[in-house]
Structures are given as C-alpha cells and as structure tokens.
Amino acid sequence: MKPLSRFQYRFKAMGGPCSVQLYAESENEAALHAKCAMDEVYRLETKYSRYRNDSVISEINAISLKGGGIKVDDETAGILNYAATVWHESKGLFDVTSGVLRKVWDFKSGALPSQLSIEAILPLVGWDKLNWNDRLLAFPLAGIELDFGGIVKEYAADRAAAICLQLGIKHGLVELGGDIRVIGPHPDGSPWMVGIRNPRIPEQAIAMVPLQQGGLASSGDYERYMVVNGVRYCHLLNPSTGWPAKSLASVTVVADQCLIAGSATTIAMLKGKQGLEWLESLGLPYLAIDQNGVHHGSI
Amino acid sequence: MKTEKSRTLSALTSAALAIPAVAVSTNATADAPPTMTEVGYRYSQYQEDDLAESKVASGSTQRYDINIHQFRVLTPVGENYSVDTTFDYETMSGASPMGTIPGADGDPLLVMSGASIDDTRMDLNVKTTRYYESGNASVIGGYSTEDDYEAFNLGLEGEKHINDKLTTLMGGIGYSDDTIEPTPAPGRVTEEEKYTATTFVGIAQVINAESVLQSSINYAYSDGYLSDPYKLVDQRPDSRSSIAWNTRYRHYLGSLDAAVHADYRLYADDWDMVSHTIGFEWHQNIDPNLRVIPSFRYYSQSQADFYKPIDVAGIEGDKSSDYRLSPFGAVTFGLSAVAHSYNWKIIVSAERYIADGDLALGTVETEHPGLLQYTLLTVGFDYAF
Amino acid sequence: MSCKFVNHKFVSKKLIVLPILCVVLGATGCTAVQPWERGELARTEMKWDPDPMKSALRDHIYFSKEGSSGGASSGGGGCGCN
C-alpha cells in the first residue's frame, strides 16, 4: 500500500467557510472523494435552503401559507422525525418553527423589537401547532414556517463524513463553519486537535480538544448578536417567550454524531440558568463558558 | 436523574440514526470520471442449431459454434479523464452456406460448405473520454482482425447537458476501413476494401424522477466491396446508405423495485431493406444483492431489392441469396441474473434466438432455408477497486 | 441518397414525423426534477446501458446475423462474419 498524503479542500457552503481534509494515496483519489463529500453538502444546502424558491423548505412553507398539507420524501421525513424528537426531549426549547421570529429580530439594526411585534408573531411558533404524522405534514394554522437552520449543517457534516467512509477514506475530517465530524484519526492514530473559540475574542482559540472520532459543535452568543444599552442579545431565541437566551456565553459538545452535538449545544444555550445542569446530566463531554469567563465541563 | 437524561441521549441518537441515507448519485448530478478502476470478464458460448436435413442440398448440416472471451478495463486518469479498453477474443468453427439451389418442389435448399471453417477473431477498442462541467467528449480507436479480415476504426463522440442537466444532446462521427483477403479459390477476389462513414445525433431527456427517454438518428454510408466472397453467386451494389432511428425508454417502478426498459429501432437503407426492432427488459431487484432480468426482443426485416432466394448463375446485375438479405422475423427470449455488491458483480445469462419467415411483419412467400436459431450462454464478473 | 426510404411500404412519410414528435414531447411533457430527486435515475438498472459488455456482444451478433445496423454510437469495427 502506498503511503498516505494529507489533502485539504476548502469551499464555501451553508453560509460560511468549509473544508474537507483527508488522507489518500494520490491527489486524484483525494480530489474525487472530496468532490463527492462536497457535492453532498451542496445537495443538502440546495434542498433545505430558505433562500431558494425551489427548495423543499420553501415548498413546505408555501403549502403552510395556504394552510394545506404535503407528503414529504424519506430524507425529509427522517429529519422531521428528528425535529419532533429533539423538540420533545428539550421540552419545547429546540423548535424548528421558531425561525419566523427572525422577522422581528434584526441584529444589524441595533434596535430591539417591540413586545407587541413579538407577541403578534408568537402564535405562529410551536411544533405542536402543526400535524406531523406518517409522512404527511399538515398545517391547520396557516403561516407556520419551518427552518432547519439548527439541523441541516450538522447533518450535512455527518453525511459528508459518511460518504468519505463509504468511498474508503479512513482518515480525515469534515468541517462546516465550526461544525465538525471526524472521518478517522490521523494515520498514526493521533487525534485531530480542534480549537474552541474564545466567546469574547472569536478569532482566538481558548481551548484545544483532541478528537479521535465523532462530531463536535459549538453555539455561542457571539455568532450573531447586538448590544443594546450594554446588554447582549443573541440569535438563539426562546420559542415560548420570543426573547434571546441569556446565560452561557458558549457551549461546545462532543457526540458520536455532529447532529446530536449541535442540538445539545443549542438546547444548553436556550436553557439559560439550567443549561449547565442539563449538560451535566446529558452525559456527553462538553465545555461551557459562562458570562464571567469561567469554564465548566469535562473537556 | 442521570438515567432520565441519558435516556434523552438515547432518544436523540435513535432519531438521528433513523434518518435514511440517501443514495448518492454522482451520475445524475455531475459529469465526472469513474471513481474506481473497473475490470470485467465475460465468457460466452454461442451455438447455432444444426440444420434440418431436408433443408440442405449438400455439405454439412452443422452451423456455427463460437467461444467468446471479452475483457474490459475502465480506469480514471487524472481528474478529468477516463480510458475504457475492451479486448475480445473469439474462436469459431462450423460450416457456412455457400448458396442455394432449387429443391424438388421448387423451394430453395442450402449448399453448405463441407469442411468446418475454423477461425479466430480479435478485437481491440480504446475509448478515451474527457469530462467537462456539463458534458464529455470521447475519442475512439479500434482494430479488429480475423484470419481473412482486418479493420481499423476511429470515432469522435460528445455529450452536452443543458437545462439543469435534465436534457442531454449527443452526437458523433465514425470512420472504418475494412480489408478482406479471402482464402484463395478459383474465380474468387483476392483482396478488397470497404470504407464506412457514420454519424449520429441524439437527445436524452429526464421526463420525471422515475423516467428517462432518449431518441437518436444514425446515418451510415459504406463504399467499396460489400459482397460476400465465399458465396457461389453474390454481387452486391458498391455502396450502401442507411438510416436508423433509435428510441429508448427507462422507467423505475418504486412499488415493485424494478426498472423497465423499452427500445425501438427503425432501420431503412437504399438496398430497399426496412427493419423494425423492439426490445424489452425487466430489471427486477430481488434483494439488495440480487437482480433478475428477463428480456424479449422482436425483429422483422424486409428483403434487399436484389435478393433472390435461389441462385441463378450467369445473369447480369446485383444478386445474392444470403439469408441476411432475405425477409424474416426473429424473436429472442433471455434471462439474466446479477449478484452484486458495491464493488463486484457476477453475471449469468442465457438467451434463445429463433428466426422464421412466419414471424415477419409482412408476408414471406419463400422462407430462406438458412434462417438461424441459436442459444447463447454467458458467465462473467465485474470488479472495481 | 435516394428517396427509396420514404416510399417503402413499411415506411411512410408520416413516420418521419415521429423522431421530431418524440423530441418535442420529451422536452415539453416533463417535470423539473431537482438534483436531490435524481437518486432513482442513478440506479444501475436505470442506465441506458447497465451492462456494456453484454450489449457490445449482442450488437455484434445481431450485426453479423441480421441485415440491419446502427445504434447511438460511432460504431466499432465490422467483421467479415458469415
């Protein structure tokens, strides 16, 4: 067997910088396999993009506007089942219908929305307000919007890594804007060293996590936010109040799947004061940094 | 408390793992060379039925037996190229019709060659393809040889995808130069040549998520020595011009997990021959590693205008009693089984062909006594690495 | 090329319309299939030619044993088959 060389392919997808790193015997093999992984990311980006009229999400939201129903494909059904599970396990905090709240929250404006505008849109938020049953998605309440923003990127990282494994790549890493899934450790067995951002100096790493396998994801109040009257308001919105989560500055979780790691970080951030306790009993390795810069967790 | 929250992790994990892995399609979305090198081998045994004694005036009643070995290597080269090489090695033996004479009731009888003809044929073909963002282009070269025959051929082909890769335009040109040096016999030509130029254009369209349709037209022009030197009485025009219109349809039936193939070809040439060919294949998946493919083909051709069922020596003009220029119909029944996994495939198949004047679309007044029946058996494998 | 094709009893002028009709029908009666919906079309059994070695042999046999020829390719070598 020829010695393996390391190759890295950078690309832009899912709204940010991405990369596929892998070990292969030749440039030819590496390029071809990386292309398959990248194509899978593009495929999911196109399929679930809010910004494309022809995406499955747009099709679903168009049906919702009419108060109708739609039968979805197998993959979308699987994702909706996952969304239902995570909504249930997070006691309603992780809700794929909360995307509509972005209509009232404009983080670039520097101005808070009025309580009235939030209350006007809250009736459209709530997974329990739609019917998801046996491949049929129905909207008895018109105007609910689905947004797979907290799911698709992490799922795409898992899928891209799975494809590389299927094609025979044993060592590598997929990174989609901070969401990471390991294909396999370095050929000598050593883990990938993943940097965790300092929530107050996001260009700097505050910790390095060794990752032999599995996925890693982070959520923080530094990703999209505004500061009004000295108070920070971030993009993670609580679906029952319509207001941003307040408590932890950032959470990083390691899990077998990047999808689960991502859901765990989002839920922990939304849990506010109970976030740390919830993370502790979830049983996954994590690093949470609170507003005072204190580190908590097993990583 | 801890058990309840670990239950959360289990619930999430089950739901995450339950998202079905979508089949990754590299064919339908991008034009790319194959990712792995593939090798294939097939061994086939072709056996024509013996002739009925009543149809043979003289010579052997045995017909052709052919053993065919096919080899193939398809390999990616660099990021944008692939090379597809095939090599065929055939050994054949048997007797062959030399002409026809009238029998007692006026119907033609075959004059067969006596001794068995033994021949070896080899064919090498190389196709190099360059892949682009929305299409590909190929250069093809081939060489083929038999004891009395040699041919070179060259071709260029291309495909262009448009309309979000739902429509494909295809075209190509080809040229071939054939030389025949028949085994010597008094009065027989010693060396002759034939040139053939071909061109085709076609279009393929994705109809919906389960169906695709392709239609193409192929034009061929041959010039030179087109007759059969081994026949007692055979003189054909020194050119032949033909058009073939091919249409193919593929449809996937999700509820049955089967794909149906339907092909139709209409052929016409300036020897006045017209033929219709219809083929069906049913690709049935039994389980993820086994597919069974029954198939059926119907063929009907009309006669060439200079075809004469009974040879008459000494008359002027073009003439031939070759059964391949006679009017007839034929059916082929086939069955294949393919056992496969992601990088290998084993194939076993059997086919039975029967040609008969009664199977033709029009009325055949005099059926040629040399119409064929054969059985073809094939075993083989493909392997990718 | 003579007009013999067109007036033959098996080929009427009307048949020439068919290829054009086919293409027009094909192009207009279609749904816009999104890239993620093309999974079934990528199946081996949905290819135009799932087994190129098998079709090559069949084409060669039919070319040698029948009077017609011509497919959507630029052709391979002929043979002096009898």
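**Helix packing and salt bridges**

Author: Helix α1 (residues 27-47) of chain A and helix α5 (residues 152-166) of chain A have axes that come within 9 Å and cross at roughly 155 degrees. This is a predicted model, in which local features need pLDDT of at least 70 and side-chain atom pairs count only at pLDDT 80 or more, while totals for chains, interfaces and linings use all residues. Residues are numbered from 1 along each chain as its sequence is written, chains are lettered from A and ligands numbered from 1 in the order in which they are written, and side-chain values use heavy atoms, with hydrogens and water left out.

Reader: Why is α1(A) called roughly antiparallel to α5(A)?

Author: Angles run from 0 to 180 degrees between N-to-C directions, along lines fitted to C-alpha atoms, for helices over the stretch in contact. Angles under 35 degrees count as roughly parallel, over 145 as roughly antiparallel, 65 to 115 as roughly perpendicular and the rest as oblique. The axes cross at roughly 155 degrees, and therefore α1(A) is roughly antiparallel to α5(A).

Reader: What makes the contact of α1(A) with α5(A)?

Author: Contact means heavy atoms within 4.5 Å. On α1(A) the contact is made by A:H33, A:C36, A:A37, A:E40, A:V41, A:R43 and A:L44, and on α5(A) by residues including A:Y155, A:R159 and A:I163.

Reader: Why is α5(A) called roughly antiparallel to α6(A)?

Author: α5(A) and helix α6 (residues 258-270) of chain A pack at an angle of about 160 degrees, with axes 7 Å apart. That angle is why α5(A) counts as roughly antiparallel to α6(A). In this contact A:E154, A:Y155, A:A157 and A:D158 of α5(A) meet A:C258, A:L259 and A:G262 of α6(A).

Reader: How many salt bridges cross the interface of chain B and chain A?

Author: The rule finds 1 across that interface. B:R7 pairs with A:E89, their closest N and O atoms being 3.0 Å apart. Over all chains, a search of the whole structure finds 39 salt bridges.

How values were computed:
Helix = DSSP H or I, 4+ residues; strand = E, 2+ residues; numbered from the N terminus. Salt bridge = Lys/Arg side-chain N within 4 Å of Asp/Glu carboxyl O.
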